[in-house]
Amino acid sequence: MSGGVGSQRHSRQYLRLHLQSLADIIFPHANGKFAKDNTNKDSKLALLGLLSKVPSNESTPKDLTQQILRAVSVLEKDCPTPEEDVLLKLAGNWELIWTAQDVTSLPNDGQNNPFSTFINPLENQSYSNSGRSNPILPQNIQDGLEDIGLLSERDEGQNTIKSTQAINLKKNRIRNVVAFEANNPTPLFSKNGKTRGFITVDVKGAPNPNDARKIDVKFDRFRVSIFDSPVDVSFPLGIVGPTGWLRTAYVDDDIRITRGHKGSVFILSRTAK
């Protein structure tokens, strides 16, 4: 992996501090100890503790991924939000903390469209089967680009790959944005050997009529832009746009756990309503 030991140490420190800050906001008087009857807070802090161990710039170790998925399953059983209010609670802006594919929840529908999985930036079955904090491309491609130094996930402790999601319930729209930093992708245009870019996918979403926790989605438009370069491509997906669903089993004021129709698990933190 690119970045070296120092870069990876900064990466882990960044994620750990981010999650510790989130835990301090959620449990300002907890001091790491809870009453035995406070199951929800125990489970939530346990999950945040596991997420703080996730290494950046590389896939999550298998054992840690399984621990996180088990903690997710426990927390999903104790959602504090009434079922009829779950979708309303989704409105606003979110940042992706971690994502993986839960093979135990994979559907057996025989569908595996390589084109649709490639352009779907938060449906991570093609990104990272073993878990990752900041996926941007299918796992084998992203690993290769980082190995040769074209993509860098962290630099001097700063987050240079960031996945966000904005949900507008009034317009039934979801916008997924992955911002990244590339190392000298276009030497004639980049500054100081680096430039930033982003991938944006706009999604149409509608409440599922049979499940109060589920949103049916249709991917509508795809854009790739790299600053300081001529690369800025946007096109409608039309009939080739993937369809699917997102189901939120856990959501509160701070975090949410959402599963996708291909077995994906997403853990996100709220940034603004």
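Buried means under 20% relative accessible area and exposed over 50%, with partly exposed in between (1.4 Å probe, protein chains only). The model toured here is predicted: local features need pLDDT of at least 70, side-chain atom pairs count only at pLDDT 80 or more, and totals for chains, interfaces and linings use all residues. Residues are numbered from 1 along each chain as its sequence is written, and side-chain values use heavy atoms, with hydrogens and water left out.

**Nonpolar cores**

Begin by selecting Leu90, Phe180, Val203, Val217 and Phe219, the residues with the most contacts inside the largest nonpolar core, which has 24 residues. A nonpolar core is a set of buried Ala, Val, Leu, Ile, Met, Phe, Trp, Tyr and Cys residues joined through side-chain atoms within 4.5 Å. Next, colour the elements that each supply at least two residues of this core, including helix H4 (86–89), strand E6 (173–183), strand E7 (194–207) and strand E8 (214–226). Helices (H or I, at least four residues) and strands (E, at least two) are DSSP runs, numbered from the N terminus. The largest share of the core, 5 residues, comes from E8.

Then select Leu47, Ala100, Ile255 and Ile267, which are among the 20 residues of another core, apart from the one above.

Return to valine 203 and display its surroundings. Beyond its neighbours within four places in sequence, valine 203 is in contact (heavy atoms within 4.5 Å) with residues including Arg173, Val217, Phe219 and Asp220.

**Salt bridges**

Two of those contacts, Arg173 and Asp220, are the next selection. The side chains of arginine 173 and aspartate 220 meet in a salt bridge at 3.1 Å, N to O; the term denotes a side-chain nitrogen of Lys or Arg within 4 Å of a carboxyl oxygen of Asp or Glu. This pair links strand E6 with strand E8, 47 residues apart. Arginine 173 is partly exposed, at 27% relative accessibility.

Move to lysine 44 and aspartate 252, whose side chains form a salt bridge of 2.3 Å, N to O. Lysine 44 is in helix H2 (residues 39–51) and aspartate 252 in the loop between E10 and strand E11 (255–260), 208 residues apart. Lysine 44 is buried, with a relative accessible area of 3%, and aspartate 252 is buried at 9%.

Finally, select arginine 259 and aspartate 102, a salt bridge with its closest N and O atoms 3.0 Å apart. Arginine 259 lies in strand E11 and aspartate 102 in the loop between E1 and helix H5 (114–118), so the pair ties together parts 157 residues apart in sequence. Both arginine 259 and aspartate 102 are buried.
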